[in-house]
Amino acid sequence: MSELKMAIDGQSLITPASIASQVFSSTDAIRDSELDEARAELALHLRVAEQQFLQDGAIGQIMLRLFTAMNAVRNRYSPKIWEQLIPIAQNHPVARYCHEDPFTRWSFEKPRGYSGDAGLLDFIYAHPSVQPLLDAASPLGKAVHSFVSQAPACVAVRERRDLLAQLVDDVASSRGGEAEILTIASGHLREAAMSQALKDKTVKRWVALDQDPLSVGAVASEYAGTVVEAVNGSVGTILKRSQTLGTFDFIYAAGLYDYLADEVAIKLSQRCLQMLKPHGTFLFANFADEIPDDGYMETFMNWALLLRSEEDMWRIMRATTEGLDVECSIRYGANKNIVYGIIRKLS
Ligand SMILES: C[S@@+](CC[C@H](N)C(=O)[O-])C[C@H]1O[C@@H](n2cnc3c(N)ncnc32)[C@H](O)[C@@H]1O
């Protein structure tokens, strides 16, 4: 299977290589002089950071400088050049300091074999399950974690969880106890713990679908005895209609479209609209193209994402909804690191 096929088939595991073929795809030729200049600039930033770490500088300041520098270098050079810089950063001694943070290390090592697993997200949510790993970290690792976990992308992910819980509650209250919800790529479904409607038992059915059996098992045991149904399935199984899931008032996907090329994103969105009841809502979230964390994430965390602009989101929604009686809108989270595409069925 080609790397491009892997990134777009919606079923294969998400790896840095499969995403790189999308994120860094460009036909631009690289000029040797430009590559040399980029390498030199990166080397300088990394050397400064290394010296500051060696001199026991204030970790917050070192990390802020490093984050800013990695983002600036990423933005200054073409994706093809940036792709060549990534392994240089990953093999630099600075990476060892960053990997003292268990969150950065987990992302880099990918214990579940793919990027962005639900265990990784639990560091962002400060879930008690990751506390032993944080407790075992070195003082430097703890300080690095304090910085990274407060970076804009993480703040936006926590807000996303709260927003999703609120939207579930809103749908539940508008459907008078009959609301059926579908979460695609649910991970550990951490938003469910914030949902008042789930506590009040005013949701009729909440299907949480994920491709990772470990995450599905975790949701099944945590929400046993509730209306949450944990389902092992993938974008691929949804597109092939190999499972009968039913119809829903609210379908959403968070932390998934960042891994899907437009072609699959559009097909999945079309399929979701078919599974929506009249006047239902479909929402998909994506990291915005201007997140400042991208340089650090793609190097020290080895976590590349398909970042999208407002226009990228509109392109997906236009292609998805051609000829349909729907209303489309876009909203951003408070720090504009995550963008939400929302499609409401008008009939
Ligand atoms: C970044 S996590 C997001 C989890 C959760 N939605 C959240 O916001 O915390 C991405 C999730 O997508 C799941 N996933 C990745 N590719 C998938 C696919 N093709 N089909 C279904 N789930 C997928 C992973 O197993 C993982 O749980």
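Modeller: With pairing: two strands count as paired if DSSP finds at least two bridges between them. The model is a predicted one. In it, the bridge partner of Ile181 in β4 is Phe250, and Thr183 has Tyr252 of β4 as its bridge partner.

Biologist: In which sense do strand β1 and strand β4 pair, and over how many bridges?

Modeller: The general idea is that strands of a sheet pair through backbone hydrogen bonds, either parallel or antiparallel. Here β1 (residues 179-184) and β4 (residues 248-253) pair in the parallel sense over four bridges. β4 also pairs with β5 in the parallel sense, over five bridges.

Biologist: Is β4 enclosed or open to the outside?

Modeller: Six of the six residues of β4 are buried, so the strand is largely enclosed by the rest of the structure.

Biologist: What is the order of the strands in the open sheet?

Modeller: The sheet has seven strands in the order β3-β2-β1-β4-β5-β7-β6, and its pairing is mixed. β3 (228-232) and β6 (326-332) stand at the edges with a single partner strand each, so one side of each has no neighbour in the sheet. From one strand to the next, the twist averages 15°.

Biologist: How do β6 and β7 run relative to each other?

Modeller: They run antiparallel and are joined by seven bridges. One of the pairs is Ser329 with Ile342 of β7. The hairpin of β6 and β7 has five residues between the strands, and Lys336 takes a positive phi near 60° in this hairpin.

Biologist: Which strands does helix α17 lie across?

Modeller: Helix α17 (residues 310-321) lies across β5 (276-287), β6 and β7 (338-345). The helix runs at about 165° to β6.

Biologist: Now to a helix on its own. Which residues of α10 are buried?

Modeller: The general idea first: an α-helix has 3.6 residues a turn, so residues three or four places apart point the same way. In helix α10 (residues 139-148) the buried residues are Leu140, Gly141, Val144, His145, Phe147 and Val148. Seen down the axis of α10, these fall within an arc of 160°, so they line one face of the helix.

Biologist: What does Ala172 touch, leaving out residues up to four places away in sequence?

Modeller: Ala172 touches Gly177, Ala179, Ala197, Thr202 and Val203 on that count. Ala172 belongs to helix α11 (residues 152-174) and is buried, with a relative accessible area of 2%.

Biologist: Is Glu50 buried or exposed?

Modeller: The cut-off matters here: buried means under 20% relative accessible area. Glu50, at 19%, therefore counts as buried. Glu50 sits in helix α3 (residues 32-54) and touches His92, Pro93 and Val94, with residues up to four places away in sequence left out. Glu50 and Tyr97 are 47 residues apart in sequence and 8.5 Å apart in space, C-alpha to C-alpha.

Biologist: Next, the loops. What is the phi of Ala126, and what is that of Leu189?

Modeller: Ala126 has a positive phi of about 50° although it is not a glycine. Phi of Leu189 is near 50°, again a positive value in a residue other than glycine. Ala126 is in the loop between α8 (118-124) and α9 (131-135), and Leu189 is in the loop between β1 and α12 (196-199). Ala126 is exposed, at 58% relative accessible area, whereas Leu189 is buried, at 0%.

Biologist: Where is Ser234 placed?

Modeller: Ser234 lies in the loop between β3 and α14 (235-239). Ser234 counts as buried, at 8% relative accessibility. A polar atom of the Ser234 side chain lies 3.1 Å from the backbone nitrogen of Gly236.

Biologist: Last, confidence. What is the mean pLDDT of the protein chain?

Modeller: The mean is 94, and 94% of the residues reach 70 or more. Over residues 1-8 the pLDDT is below 50, and this stretch has 22 contacts in the model beyond near neighbours in sequence.

Terms used. Residues are numbered from 1 along each chain as its sequence is written. This is a predicted model: local features need pLDDT of at least 70, side-chain atom pairs count only at pLDDT 80 or more; totals for chains, interfaces and linings use all residues. Side-chain values use heavy atoms; hydrogens and water are left out. Buried means under 20% relative accessible area, exposed over 50%, partly exposed in between (1.4 Å probe, protein chains only). Helices (H or I, at least four residues) and strands (E, at least two) are DSSP runs, numbered from the N terminus. The arc is that of the directions from the helix axis to the C-beta atoms. pLDDT is the predictor's confidence in each residue, from 0 to 100. Contact means heavy atoms within 4.5 Å. Axes are lines fitted to C-alpha atoms, for helices over the stretch in contact, and angles run from 0 to 180 degrees between N-to-C directions. A polar contact is a pair of N or O atoms within 3.5 Å; within protein, one must be able to donate a hydrogen and the other to accept it, and residues adjacent in sequence count only if both atoms are side-chain atoms.
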